[in-house]
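Keep the viewer open as you read.

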Amino acid sequence: MPVPLGKLVLYSSVTMSAGCALAYYLIQKTFSRASYYQLALEQLHNRPDALEALGTPLNIHYLQLTDKYNFVDIANAQLKIPVSGSKSEGHLYVSSSRDAPFKRWHLEEVFLELKDGQKFPVFKHSGENGDEVKKE
């Protein structure tokens with residue numbers, strides 16, 4: 001017994017929408033588990049002045065996957081993570097790199113830019129040694 005065209009289109013649309021939503025969720029989950037993402041959030045949590053400007057509780061939002069600033073390749077990662085709190089909102093800008101594939105990611109720079117234009121340097125790599133860190 002043939003399925004009416006209307007039902008076929010409806011079922012196909014629902015299936016495709018669910019597939020796209022699942023893919024979006026899985027991509028977001030992959031980003032949020034990456035070490036360059038986690039390291040940046042850890043640095044933000046260590047900056048009381050930035051947290052005070054945002055207010056509590058701190059909310060981390062999904063990345064805008066269509067934003068051209070968000071870029072990850074085999075050796076470099078650059079993200080713009082939306083964050084908000086009770087007082088303000090903004091973006092956490094993250095630059096990270098690694099020496100070779102399957103090596104550890106090292107933060108290069110992390111800064112918080114609030115919607116009003118105020119900037120908070122959170123982390124900046126200093127020196128040639130990857131373990132040497134300068135907190136501004």
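Helices α1 and α2 are oblique to each other, a label for angles that are not under 35 degrees (roughly parallel), over 145 (roughly antiparallel) or 65 to 115 (roughly perpendicular). Their axes come within 5 Å and cross at roughly 60°, with α1 covering residues 5-33 and α2 residues 35-45. Axes here are lines fitted to C-alpha atoms, for helices over the stretch in contact, and angles run from 0 to 180 degrees between N-to-C directions. On the α1 side, Phe31, Ser32 and Arg33 make the contact, and α2 brings Ser35, Tyr36, Tyr37 and Gln38; contact means heavy atoms within 4.5 Å. Sorted by class, the residues in this contact are 3 nonpolar, 3 polar and 1 charged.

A word on the ground rules: this is a predicted model, where local features need pLDDT of at least 70 and side-chain atom pairs count only at pLDDT 80 or more, while totals for chains, interfaces and linings use all residues. Residues are numbered from 1 along each chain as its sequence is written, and side-chain values use heavy atoms, with hydrogens and water left out.

Now step back to the whole chain. The protein chain has 3 helices and 7 strands, and reading along the sequence gives α-α-α-β-β-β-β-β-β-β. Helices (H or I, at least four residues) and strands (E, at least two) are DSSP runs, numbered from the N terminus. The radius of gyration of the protein chain, taken over C-alpha atoms, is 19 Å, well over the 14 Å that the globule rule gives for 136 residues, so the chain is more spread out than a compact globule. That rule is 2.2 Å times the number of residues to the power 0.38. Along the principal axes, the C-alpha atoms fill a box of roughly 70 × 40 × 20 Å. Of the 136 residues, 32% count as buried, meaning under 20% relative accessible area, with exposed being over 50% and partly exposed in between (1.4 Å probe, protein chains only).

Which residues touch the most other members of the largest nonpolar core? They are Tyr36, Leu79, Ile81, Leu92, Val94, Val110 and Leu112, in a core of 25 residues. A nonpolar core is a set of buried Ala, Val, Leu, Ile, Met, Phe, Trp, Tyr and Cys residues joined through side-chain atoms within 4.5 Å. The largest share, 5 residues, comes from α2.

Tyr36 is buried, with a relative accessible area of 7%. Beyond its neighbours within four places in sequence, Tyr36 is in contact with residues including Phe31, Leu79, Val94 and Trp105. Tyr36 and Trp105 are 69 residues apart in sequence, yet their C-alpha atoms are 6.0 Å apart in space.

Most residues other than glycine have a negative phi, and most peptide bonds are trans. Phe102 has a positive phi of about 70° although it is not a glycine. You will find Phe102 in the loop between β4 and β5, where Phe102 is exposed, with a relative accessible area of 84%. A cis peptide bond joins Thr56 and Pro57, with omega about -5°; Pro57 sits in the loop between α3 and β1.

Technical notes:
Nonpolar A, V, L, I, M, F, W, Y, C, P; charged D, E, K, R; others polar.
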